[in-house]
Amino acid sequence: MQAAVFHASDRPLVVEEVPEPTPGPRDLVVEVKCCGICGSDLHAASLPGGLPKGCVMGHEFAGEVVEVGGEATGGFGIGDRVTGIPGIGCGACAACLSGDVMHCPELVITGLGQLPGAYAQYLRVGSNEAVALPEAIDFRLGALVEPLAVGLHAVNAAGLAPGQEVMVIGAGPIGLAVTLWARFLGARSILVSEPAQGRRAMATQMGATEVVDGAASAAACLAEKPRGGVDVIFECVGIPGLLAQCVDLAAARSKVVVAGVCMQPDTFVPAAAVIKELQLQFVLAYEKRDFQLTLDMMASGRIDPRPMVTDRVSLGAMPEAFEALKQPGDQCKVLVEP
Ligand SMILES: [Zn+2]
Ligand SMILES: [Zn+2]
């Protein structure tokens with residue numbers, strides 16, 4: 001089968017022939033119909049030593065089941081349309097059984113060097129990790145479930161109460177997903193800080209009540225709030241310096257939720273956070289129920305993430321699109337359709 005293969009951090013991906021996935025007894029093989037390009041893939045592929053040579057990335061997938069292992073759970077059959085958690089757990093521990101697969105001690109991750117990912121024609125998916133797509137959800141929407149679930153998990157971690165005010169730093173896919181769920185869950189105001197004009201427009205479409213182009217303008221907006229800031233700041237970028245910026249912008253006794261994945265060392269002055277008695281919370285990924293709620297709310301039309309999609313490309317055109325996304329710009333979620 002064809003897949004977009006990583007060779008080195010200073011080279012574009014190459015579409016080439018690779019072996020088809022061999023499923024374990026509890027696995028499904030899925031024909032990939034759509035897969036989102038994720039910021040963490042761009043991070044990992046740009047970082048020297050971030051990925052092994054030969055790795056196939058891609059973890060925001062939707063597709064059709066073409067093979068079902070003999071011990072697969074969930075009642076999946078050939079032709080079923082699915083998305084799923086990008087990783088395979090042991091299927092038997094408390095984390096796996098409760099849908100918190102990301103905390104399975106035996107978890108192998110899909111698309112970052114352990115299991116091959118979905119920038120390919122076929123993908124191995126765990127039956128315990130797969131989630132069926134409702135009738136109303138096409139493959140393009142199906143590929144957006146994973147990034148939306150990340151946003152939902154982050155907003156849940158903040159313990160956001162209706163009427164609270166939030167700020168979101170970065171209007172990439174995760175920042176937009178956080179914006180969407182913050183509105184859904186009753187945030188009174190959502191201030192989004194994002195340098196790219198096109199992304200600011202998307203943030204407004206997805207629920208931002210105010211958009212600004214960076215930290216300086218954000219600080220001016222926050223200073224006008226009655227308590228000098230918001231209840232929760234969501235950091236959705238993941239570059240060095242942003243923790244310090246969040247601490248600086250946060251109001252006393254507020255919360256900072258870090259959803260950005262910064263892969264380099266970063267510093268901030270703890271005393272600045274101590275003086276404000278800040279809560280600093282790091283979040284990762286999601287649970288299966290986040291996928292389920294996202295799907296249900298999409299299927300019933302109560303959330304619409306489509307404004308975040310800015311392009312769709314074939315697998316052949318994908319390496320070029322991937323390179324282009326490494327430069328900051330107005331592109332947001334780009335979907336690959338193998
Ligand atoms: Zn992702
Ligand atoms: Zn497990």
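Predicted model: local features only at pLDDT ≥ 70, side-chain atom pairs only at ≥ 80, totals over all residues.
**View 1. Donor atoms around the zinc ion (ligand 2).** The protein donors of this zinc ion are the SG atoms of Cys90, Cys93, Cys96 and Cys104, which lie 2.3 to 2.4 Å from the metal. The angles among the four donor atoms run from 103 to 115 degrees, and the site is tetrahedral. For four tetrahedral donors the ideal angle at a metal is 109.5 degrees.

**View 2. Sequence context of the zinc ion (ligand 2).** Along the chain, the donor residues follow the spacing C-x2-C-x2-C-x7-C. Cys90 belongs to the loop between β6 (87-88) and α2 (94-97), whereas Cys104 belongs to the loop between α2 and β7 (108-109), so this pair ties together parts that are 14 residues apart in sequence. Cys104 has a relative accessible area of 5% and is buried, since buried means under 20%.

**View 3. Donor atoms around the zinc ion (ligand 1).** Here the protein donors are Cys38 through SG, His59 through NE2 and Glu60 through OE, lying 2.1 to 2.4 Å from the zinc ion. Water is not among the atoms, so the site may look incomplete.

**View 4. Sequence context of the zinc ion (ligand 1).** The donor residues are spaced C-x20-H-E in sequence. Cys38 is placed in the loop between β3 (27-36) and α1 (39-46), and His59 in the loop between α1 and β4 (60-68), so the two residues tie together parts that are 21 residues apart in sequence. Cys38 is buried at 10% relative accessibility, and His59 is likewise buried, at 5%.

Definitions and conventions: Residues numbered from 1 in each chain as written. Chains lettered and ligands numbered in written order. Heavy atoms only, no water. Donors = N, O, S within 2.8 Å, 3.2 Å for Na, K, Ca; no water. Tetrahedral: all angles 85-135°; square planar, octahedral: opposite > 155°, others 65-115°. Helix = DSSP H or I, 4+ residues; strand = E, 2+ residues; numbered from the N terminus. Buried < 20%, exposed > 50% of the residue type's maximum accessible area, 1.4 Å probe, protein only.
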